[in-house]
Amino acid sequence: KFPADVRGWLTDEEGVGLFQLAREKDVLEVGSYCGRSSICLGQAAKSLICVDPFDCRDTPGEGDTFAEFTANLERYGVKAKAHRNLFAEAPLNGDRFDLVFIDGAHDEASVKADAARATALLRPGGLLAFHDARPAPGHHDGGWHPGVTWTVNRLIAAGAELVQTVGTVAVLRPAKETLTTPGVQDVSIEQADLLNELKSLAAQKTEAQAQLTRLDGAEQVCRHLIAKLHAKE
């Protein structure tokens, strides 16, 4: 059952996607807010651990949401272990997961750091899922969080497999060696950025050349018409 009465931004389509993705898996959620996505994951997961400081530091609003989170999960019959920490500080060193859902702070540095730690906690073949990953501003629900999208794109450029997208949830199977080998990820990301910039510049050059061609043609037509007018005089 989709928890539409629980505060949050996850859509029903995305909730169904998370439910299906979490079936019989050991799941870690990074960023829980009031529990909307936690409930979708927990209704299907084998086990669920949620990590969030529950103080609205990276979400609209203010105050402590832990009591609301706990009450919402109890109301939907979902059991989860919660760590009231930032992900970087959560005591998870002995835990391993089949799926990590990342929906914490959305700035690029935070998403990149969350993805790196999450990957280290995955079992072989495990998956990362990112909320608010959009191919373009406004896609699906009108929002735009470039830090998430850029991180997802850079992971793909570094060798991760894009397994599926549901709404703004992008699911990746990371290339673990590119995240754990010193220097490899940064080099791959830099090369990917340069290639994308080169493609963009090449496209702009092509369009500019086409515009120049059209302008040259228009100029020739104008000169021809002016010459005809002069001839009539």
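Residues are numbered from 1 along each chain as its sequence is written. In this predicted model, local features need pLDDT of at least 70, side-chain atom pairs count only at pLDDT 80 or more, totals for chains, interfaces and linings use all residues, and side-chain values use heavy atoms, without hydrogens and water.

**Exercise 1. State how many helices and strands the protein chain has, and give their order.**

Step 1. Helices (H or I, at least four residues) and strands (E, at least two) are DSSP runs, numbered from the N terminus.
Step 2. The protein chain has 7 helices and 7 strands.
Step 3. Along the sequence the pattern is α-β-α-β-α-β-β-α-β-α-β-β-α-α.

**Exercise 2. Find the buried residues of helix 1 and say how they are placed around its axis.**

Step 1. Buried means under 20% relative accessible area, exposed over 50%, and partly exposed in between (1.4 Å probe, protein chains only).
Step 2. In helix 1 (residues 12-21), Glu14, Gly15, Gly17, Leu18 and Leu21 are buried.
Step 3. Seen down the axis, these buried residues fall within an arc of 160°, so they line one face of helix 1. The arc is taken from the directions from the helix axis to the C-beta atoms.
Step 4. An α-helix has 3.6 residues a turn, so residues three or four places apart point the same way.
Step 5. Among the elements that the buried residues of helix 1 pack against are helix 2 (36-42) and strand 4 (97-102).

**Exercise 3. Describe the salt bridge of glutamate 68 with arginine 7, and that of glutamate 161 with arginine 173.**

Step 1. A salt bridge is a side-chain nitrogen of Lys or Arg within 4 Å of a carboxyl oxygen of Asp or Glu.
Step 2. Glutamate 68 and arginine 7 meet at 2.7 Å, N to O. Glutamate 68 is in helix 3 (residues 66-75) and arginine 7 in the segment before helix 1, 61 residues apart.
Step 3. Glutamate 68 is partly exposed at 28%, and arginine 7 is partly exposed at 41%.
Step 4. For glutamate 161 and arginine 173 the N to O distance is 3.0 Å. Glutamate 161 lies in strand 6 and arginine 173 in strand 7, so this pair ties together parts 12 residues apart in sequence.

Methods:
Contact = heavy atoms within 4.5 Å.
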